[in-house]
Amino acid sequence: MKYKNIIWDWNGTILNDTPVAFEATNILLKRYGYPTITLEYYRDNIDTPIVNFYSKIFDLNKHDMQMLDDEWGVLYNQLSYKIGLHAGVEEMLSAFADNNLNQIILSAFKTNEITKYARKFSIEHYFDNILGTQNIVMESKTVRGRRYMQEHRFVSEHTLYIGDTVHDYHTARDLCVDCILFSGGQQSPRLLQQCGVPVYDNFVDIENQLAG
């Protein structure tokens, strides 16, 4: 394998939380009298920053964006008992570790929340570092990723980014690293295929491709 470093996205890529994120969104829509959406609509329209998505399903002239996001976060936590890992991802983490690859998480999710789930599913030991957010004033994934790559001397040609959104592709492009996208997470295959990088619907195929 040509890669020595793996940069993982977290939500939707390792953590199978899209069903919970979708359910929390519909509960919030019903709470404020808006029509609910389908999972297909959610995966075709979810976006970064999240305000781009909320502006399609809520009237943000009537509702404070931060308030909606905070309420969504409470609902997400209440439903979190339903969250698990994607099938095959733990085996892939283990295979990368067996090959002495450096593995980090680069995410817009809070570091302490990622750590909590990683410990819950006993996968924390696979990662050299978790680059989540620490506070409200958060740097972009690109800024955090670039700094880490420089500090730890990650060579771009030997680094692979694995994510599940168009935003992940853009981050990988900004970091000048290769990218593979997983279509079983937040965004639909239709959106991901427009990026022009390999898109897979399961981790077995990703592992086999990289091993080959």
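Predicted model: local features only at pLDDT ≥ 70, side-chain atom pairs only at ≥ 80, totals over all residues.

**Helix α5**

- Helix α5 covers residues 89-98, and its buried residues are V89, M92, L93, A95 and F96.
- Viewed down the axis of α5, these buried residues fall within an arc of 160 degrees, so they line one face of the helix.
- In an α-helix there are 3.6 residues a turn, so residues three or four places apart point the same way.
- The buried residues of α5 pack against the strands β1 (5-8), β3 (84-85), β4 (102-110) and β6 (159-163), and against helix α10 (203-211).

**Aromatic pairs**

- The whole structure contains 11 aromatic pairs.
- In one of them, the ring centres of F22 and Y42 are 5.9 Å apart and the planes stand at 70 degrees; because an angle over 60 degrees counts as edge-to-face, this pair is edge-to-face.
- F22 belongs to helix α1 (residues 18-31) and Y42 to helix α2 (residues 39-45), so the pair ties together parts that are 20 residues apart in sequence.
- F22 is buried, with a relative accessible area of 17%, and Y42 is buried at 2%.
- Y42 also pairs with F53: their centres are 5.5 Å apart and their planes lie at 85 degrees, so this pair is edge-to-face.
- F53 lies in helix α3 (residues 51-57), so its pair with Y42 of α2 ties together parts 11 residues apart in sequence.

**Aromatic cluster**

- One aromatic cluster is formed by F22, Y34, Y42, F53, Y54 and F58.
- Within this cluster, both Y42 and F53 are buried.

Technical notes
Residues numbered from 1 in each chain as written. Heavy atoms only, no water. Phe/Tyr/Trp six-rings, centres within 6.5 Å; stacked < 30°, edge-to-face > 60°. Helix = DSSP H or I, 4+ residues; strand = E, 2+ residues; numbered from the N terminus. Buried < 20%, exposed > 50% of the residue type's maximum accessible area, 1.4 Å probe, protein only. Arc of directions from axis to C-beta. Contact = heavy atoms within 4.5 Å.
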